[in-house]
Amino acid sequence: RVPMGPLSLLLALSLLSPRGSAGWSCPPRCVCASNLLSCSQANLSAVPAPLPRFTAVLDLSHNNVTRLRADWAPARLPHLHALLLSHNGLAFVSTEAFTHVPRLRHLDLSSNRLRTLDENLFSDLGELEVLLLYNNEITTVDRTAFENLGRLRKLYLGQNRIARFPLELLREGTRLPQLALLDLSANRLRAVPADELQALPAWLRDRLYLHNNPLACDCPLFQLLDRGHRRHLSAVVDFQDELRCVLPGAPGPVKILALAGQQPLNCSQTQEAVLEAHLGDSVTLGCDSRWQGVRSRHWVTPGGERVLGDGGNGSVVLLANGSLQLRALRPEDAGTYACWVAGPLLNETLYVELLVHNFTLHGPHDTLNTAYTTLVGCILSVVLVLIYLYLTPCRCCCCRGTEKPPAPRDDSINSSVLSTTPNHAGGTGESCGSHIASSAGAGQNGRFKGGGTPPLPARQGPKAQRKVSDPDSVSSVFSDTPIVV
């Protein structure tokens, strides 16, 4: 046996190492250090081949790789977890470009010339955590471009030309469940769904960057950012001067946080955490912390009691997500509740004010009582109208009454026939303008009959005819003074 010297031992180790094995030499114009492969600023127009199988980090930044086809990595690179392709003038990326790098966790495509993010572009990167796409020319983002990115935590899309981003990906919570940072700054966004963004967890709103966009000024946008400023969210506090909006008639963009009480919007500030309820209701107080990896949390009631689990015979329950549920509310449950959060970096205390209203004044029963009162009032109004129409004494000339003796002749003559208030009530079945003569009496000479029309006697000459026209028929109907011809 020949003893192996130090030189022979080093030669044997070099033959067994990956870099020293045949076919796995470092590509030209690249620098290899262990499993790191750096080809930055090498004036490359294509990805060098072949690539060592053990490559974990591949830096191709600052080159001229304008197209990334599906065959740039003909063999599977199971260890590659970081790919850097910034500053290449990259304008095209195949939807199959990442088929052979399924373990990629960091992808840098920033400072290129990408214009669209096509359908299922990154769907093969199920373990991707950081995606850098800032400083491109992106105008269109397909909502399925980020399909299957269940582990994505940071997405940088700033410095592009995006006019609409599918923010419903955040609302659903199933497409990007781990996303903790979304940079949409310096784009062309003109509107955002402020109410939907307010419903997002605070740990996501803390890293939702919307500054340097031509947003249209409105009160929901102001209230969204005002709440974030009072919660000390980084995306608002750190860029409050760059958070501007376009106000009609203004010479330039104005600060969004300066819209409080200013014309023409006159936006009002809203309280961050005030919850209103009624007696007997069940409510849930949320502990919306800025920290995503919360280690522990507990609640303190207005009475100073610490809630760690069930309490009060099940009336106070600490849920698994850290929320506090109160059942069968009582007046003494009102007050300010404090949620103490132990975060990964700092601790945080959140306050929720609970207002408990008496249901007899503001609760659901009040609505029923109001409806019942309104119905009773309507019924009483109808009854009063019917009483007025049918039971009020008759004062019109069309009503019926009992027969009464005829009025004296002189009164009938001196009253106007158009008067709305007759001097005497008429008989039954006759109008008030017609007087009933049951029989010829004194002073009537038998000239009136039951119909109220004076009969004309037989002609006896001009004098007789003239006598019929005596003051009965020639009196003016518009005057109370008879005119005798």
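Does Ser 123 count as buried or exposed, and at what relative accessibility? In this predicted model, Ser 123 counts as buried because its relative accessibility is 18%, and buried means under 20%. Ser 123 sits in the loop between β8 (116-117) and β9 (130-132). A polar atom of its side chain lies 3.1 Å from the backbone oxygen of Asn 120. Beyond its neighbours within four places in sequence, Ser 123 is in contact with Glu 147 and Asn 148. Phe 146 is 23 residues from Ser 123 in sequence, yet the C-alpha atoms are 6.4 Å apart.

Five disulfides are present in the structure. One of them joins Cys 26 and Cys 32, with the sulfur atoms 2.1 Å apart. This link is right-handed, with 90° about the S-S bond. Cys 26 is partly exposed, at 27% relative accessible area, whereas Cys 32 counts as buried at 15%. Another disulfide joins Cys 30 and Cys 39, with a sulfur separation of 1.9 Å. Its S-S torsion is about 110°, so the disulfide is right-handed. Both of these cysteines are buried.

A further disulfide pairs Cys 217 with Cys 245, their sulfur atoms 1.9 Å apart. The link is right-handed, with 95° about the S-S bond. It connects distant parts of the chain, 28 residues apart: Cys 217 lies in the loop between β14 and α5 (219-230), and Cys 245 in strand β15. Cys 217 and Cys 245 are buried.

Strand β15 also belongs to an open sheet of three strands, ordered β14-β15-β16 with mixed pairing. The edge strands are β14 (215-216) and β16 (254-255). β14 and β15 (residues 244-246) pair in the parallel sense over two bridges. Ala 216 has Val 246 of β15 as its bridge partner.

Key:
Residues are numbered from 1 along each chain as its sequence is written. This is a predicted model: local features need pLDDT of at least 70, side-chain atom pairs count only at pLDDT 80 or more; totals for chains, interfaces and linings use all residues. Side-chain values use heavy atoms; hydrogens and water are left out. Two strands pair if DSSP finds at least two bridges between them. Helices (H or I, at least four residues) and strands (E, at least two) are DSSP runs, numbered from the N terminus. Buried means under 20% relative accessible area, exposed over 50%, partly exposed in between (1.4 Å probe, protein chains only). Contact means heavy atoms within 4.5 Å. A polar contact is a pair of N or O atoms within 3.5 Å; within protein, one must be able to donate a hydrogen and the other to accept it, and residues adjacent in sequence count only if both atoms are side-chain atoms. A disulfide is a pair of cysteine sulfur atoms within 2.5 Å.
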